[in-house]
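The following note sets out comments on the model under review.

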Amino acid sequence: MSLDQNINNELKEAMLSKNEVKLRTIKAIKAAFLIAKTEKGATGEITQEQEIKILQKLFNQRKESFEIFTKENRAELAAREKEEMDVITSYLPAQMSDDDLKNIVKETIAETGATSVKDMGKVIGSVSKKVAGQAEGARISTLVKELLGA
């Protein structure tokens, strides 16, 4: 069953159980999927990779809002964003451990022959494809900088 179908089933369950947080979040996910399916040049279907990218984008939006609300002492809004982040996280693939990610980055540096920070873009792009949603871009970037000696 695809994530899109799973989301539809979860939406029904959230409606029946009157779970407001899950319902609100799933509606946002469903809307983002619908926009991706109907945007110009789209085929009407989205791939699993696109689904993961959309979920990561939604998660990052919530995370950024959560940080802003926390900094501005808006606890009720921060709590709302945190709840939505938790729901979105349940649909994302499990995050890769730092050790596993470091090994993949080292392998990729060896494969690409990267020696300096100038080659960082190549390495990050390659690693991002390999880990496909199992690590945030910021984590990848930090590790690549560290290993290339920036």
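1. A salt bridge is taken here as a side-chain nitrogen of Lys or Arg within 4 Å of a carboxyl oxygen of Asp or Glu. On that criterion, a search of the whole structure returns ten salt bridges. The model is a predicted one, and the points below should be read accordingly.

2. Overall architecture. The protein chain contains seven helices and zero strands, so that its elements, read from the N terminus, run α-α-α-α-α-α-α. Its C-alpha atoms fill a box of roughly 55 × 45 × 30 Å along the principal axes. Of the 150 residues in the protein chain, 33% are buried. Among contacts in the protein chain with a separation of 6 or more, 60% are accounted for by residues 24 or more positions apart.

3. The pair K22 and E10. These residues form a salt bridge in which the closest N and O atoms are 2.7 Å apart. The pair links distant parts of the chain, with K22 in helix α2 (residues 20–38) and E10 in helix α1 (residues 3–17), twelve residues apart. The two partners fall into separate accessibility classes: E10 counts as buried because its relative accessibility is 15%, under the 20% limit, whereas K22, at 25%, counts as partly exposed.

4. The pair D98 and R139. Here the closest N and O atoms of the salt bridge are 2.8 Å apart. D98 lies in helix α5 (residues 98–112) and R139 in helix α7 (residues 137–148), and the pair links distant parts of the chain, 41 residues apart. R139 is partly exposed, its relative accessible area being 22%.

5. The pair K130 and E111. This salt bridge also has its closest N and O atoms 2.8 Å apart. It links distant parts of the chain, joining K130 of helix α6 (residues 120–131) to E111 of helix α5, 19 residues apart. With a relative accessible area of 38%, K130 is partly exposed; E111 counts as exposed, because its relative accessibility of 55% is over the 50% limit.

6. The salt-bridge network. R24, R62, E81, E83 and E84 are linked in a network of salt bridges. Is its member E84 buried or exposed? E84 is buried, with a relative accessible area of 6%. This residue belongs to helix α4 (residues 75–89), and a polar contact of 2.5 Å joins its side chain to that of R62. Apart from neighbours within four places in sequence, E84 is in contact with V21, R24, T25 and R62.

7. The crossing of α2 and α4. The axes of these helices come within 9 Å and cross at roughly 65 degrees. Angles from 65 to 115 degrees count as roughly perpendicular, and α2 and α4 are therefore assigned to that class. The crossing is right-handed. On the α2 side the contact is made by V21, K22, R24, T25 and I29, and on the α4 side by R80, E83, E84, V87 and I88.

Definitions and conventions:
Residues are numbered from 1 along each chain as its sequence is written. This is a predicted model: local features need pLDDT of at least 70, side-chain atom pairs count only at pLDDT 80 or more; totals for chains, interfaces and linings use all residues. Side-chain values use heavy atoms; hydrogens and water are left out. Helices (H or I, at least four residues) and strands (E, at least two) are DSSP runs, numbered from the N terminus. Buried means under 20% relative accessible area, exposed over 50%, partly exposed in between (1.4 Å probe, protein chains only). A polar contact is a pair of N or O atoms within 3.5 Å; within protein, one must be able to donate a hydrogen and the other to accept it, and residues adjacent in sequence count only if both atoms are side-chain atoms. Contact means heavy atoms within 4.5 Å. Axes are lines fitted to C-alpha atoms, for helices over the stretch in contact, and angles run from 0 to 180 degrees between N-to-C directions. Angles under 35 degrees count as roughly parallel, over 145 as roughly antiparallel, 65 to 115 as roughly perpendicular and the rest as oblique. A crossing is left-handed if the near helix is turned anticlockwise from the far one by less than a right angle, and right-handed if clockwise.
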